[in-house]
Amino acid sequence: MISLEGKTAVVTGGSQGIGRAIACKLAENGADIAIVYVGNQDRAAETVSMIEAMGRKVKTYYCDVSNFEESKENVAKIIEDFGKIDILVNNAGITRDGLALSMKESDFDAVIAVNLKGTFNMIHHFYQHFMKKRYGKIVNIASVVGMTGNAGQANYSASKAGVIGLTKTIAKELASRHVTCNAIAPGFINTDMTAVLSDKVKEGMAAAIPMKRMGEPEDIANLALFLASDLSSYITGEVIRVDGGMCM
Ligand code: NAP
């Protein structure tokens with residue numbers, strides 16, 4: 001059995017989708033939760049109710065992770081409110097798809113800023129906290145397209161490839177302090193991010209997956225739970241696909 005009793009976790013982008021599933025899974029297994037989100041207050045409130053119903057402490061932080069100073073202030077607030085943090089899940093992410101030829105500079109920059117720099121910002125601001133405690137579990141949400149590339153996602157796939165490089169670097173820097181840093185590379189998961197695709201596109205993509213279905217947020221949350229727990233204490237710098245066999 002996995003127990004996170006007495007642990008506290010931060011989940012960025014925890015208001016909905018994969019982040020909500022991870023926040024709820026960690027809470028279900030005993031962790032108190034800080035949710036970082038930037039837009040959707042109603043969704044964030046729903047997630048809070050779900051976690052409160054499990055009897056866990058939960059607080060939300062309205063914070064754009066791409067903003068270095070805002071992240072710094074919120075990390076300080078989180079540490080003050082919870083006393084300590086054991087688990088950091090960097091899940092916040094956006095897409096702004098288009099062929100590289102026609103991609104606007106602002107769309108390239110925005111995706112790198114949230115997905116890659118946002119992950120760096122949170123790790124940077126929690127770095128000393130984990131180092132001093134000599135304990136920490138960092139889980140970064142990358143994507144299979146960070147490994148394979150994907151036409152129409154130059155910005156997104158580059159940001160996720162960057163997250164993988166960042167994961168391995170932080171794993172090396174902090175391994176001797178008992179801080180692990182791993183990445184999950186989801187395939188095609190059923191959330192708002194993929195809801196914009198037409199049914200025809202979704203059916204075509206699902207047909208190309210060996211398991212013949214899209215993944216669910218819980219498929220990612222199950223691995224996040226393992227990587228956030230001490231069952232994975234000798235695993236660091238790893239990137240694990242959760243994609244129904246799509247990119248093997
Ligand atoms: P989603 O439903 O669109 O959720 C994204 C979350 O990120 C939301 O909670 C959003 O908060 C938050 N967020 C966005 N920009 C932010 C910012 N600047 N600062 C703080 N929070 C921010 O997407 P999802 O599908 O669950 O994706 C979660 C992660 O999985 C992302 O990193 C995504 O790249 C990755 N992923 C998803 C898939 C997939 O197929 N769905 C596949 C591979 C990887 P608000 O709603 O409050 O704005």
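In which loop does histidine 178 lie? Histidine 178 lies in the loop between α6 (154–174) and β6 (179–186), where helices (H or I, at least four residues) and strands (E, at least two) are DSSP runs, numbered from the N terminus.

## Basis of the model

This is a predicted model, in which local features need pLDDT of at least 70, side-chain atom pairs count only at pLDDT 80 or more, and totals for chains, interfaces and linings use all residues. Residues are numbered from 1 along each chain as its sequence is written, and side-chain values use heavy atoms, with hydrogens and water left out.

## Overall dimensions

The protein contains 9 helices and 7 strands. Its radius of gyration is 17 Å, close to the 18 Å that the globule rule gives for 248 residues, so the protein is as compact as a globular protein of that length. The radius is taken over C-alpha atoms, and the globule rule is 2.2 Å times the number of residues to the power 0.38. Along the principal axes, the C-alpha trace spans about 45 × 35 × 35 Å.

Of the 248 residues, 50% are buried; buried means under 20% relative accessible area, exposed over 50%, and partly exposed in between (1.4 Å probe, protein chains only). The accessible surface comes to about 11,400 Å², and carbon and sulfur atoms account for 53% of it. These areas come from the Shrake-Rupley method with a 1.4 Å probe; for residues, only the protein chains shown count as cover. Among contacts (heavy atoms within 4.5 Å) between residues at least 6 apart in sequence, 75% join residues at least 24 apart.

## The parallel sheet

The 7 strands form an open sheet with parallel pairing, in the order β3-β2-β1-β4-β5-β6-β7. Two strands pair if DSSP finds at least two bridges between them. The edge strands, β3 (58–62) and β7 (239–242), each pair on one side only. From one strand to the next, the twist averages 20°. For such angles, axes are lines fitted to C-alpha atoms, for helices over the stretch in contact, and values run from 0 to 180 degrees between N-to-C directions.

Strand β1 (residues 8–12) runs parallel to β2 (residues 32–37), and 5 bridges join the two. Valine 11 has isoleucine 35 as its bridge partner in β2, while alanine 9 has isoleucine 33. A further 3 bridges join β1 to β4, also parallel, with leucine 88 in β4 as the bridge partner of valine 10. Strands β4 and β5 run parallel and are joined by 4 bridges; the partner of isoleucine 87 in β5 is lysine 137.

## Covered strands

In a regular strand the side chains alternate between the two faces of the sheet. In β2, 6 of its 6 residues are buried, with Asp32, Ala34 and Val36 on one side and Ile33, Ile35 and Tyr37 on the other. From β4, Ile87 and Val89 point one way and Leu88 and Asn90 the other way, and all are buried.

## Helices against the sheet

Helix α4 (residues 105–133) lies across β1, β2, β4 (87–90), β5 (136–141) and β6, and runs at about 170° to β4.

Helix α6 has 21 residues, which at 1.5 Å a residue should span 30 Å; its end C-alpha atoms are 30 Å apart, which agrees. The expected span is 1.5 Å times one less than the number of residues. The buried residues of α6 include Tyr156, Val163, Ile164, Leu166, Ile170 and Leu174. Their cover includes α4, β5, α5 (145–148), β6, α7 (192–195) and β7.

## Loop residues

Methionine 103 is found in the loop between β4 and α4 and counts as buried at 16% relative accessibility. Leaving aside neighbours within four places in sequence, methionine 103 is in contact with Arg96, Gly98, Phe108, Gly152, Ala154 and Asn155. The C-alpha atoms of methionine 103 and glycine 152 are separated by 8.7 Å, although these residues are 49 residues apart along the chain.

Most residues other than glycine have a negative phi. Histidine 178, however, has a positive phi near 65°. Lysine 212 likewise has a positive phi, near 60°. Lysine 212 is found in the loop between α8 (199–207) and α9 (217–228), and at 55% relative accessibility this residue counts as exposed.
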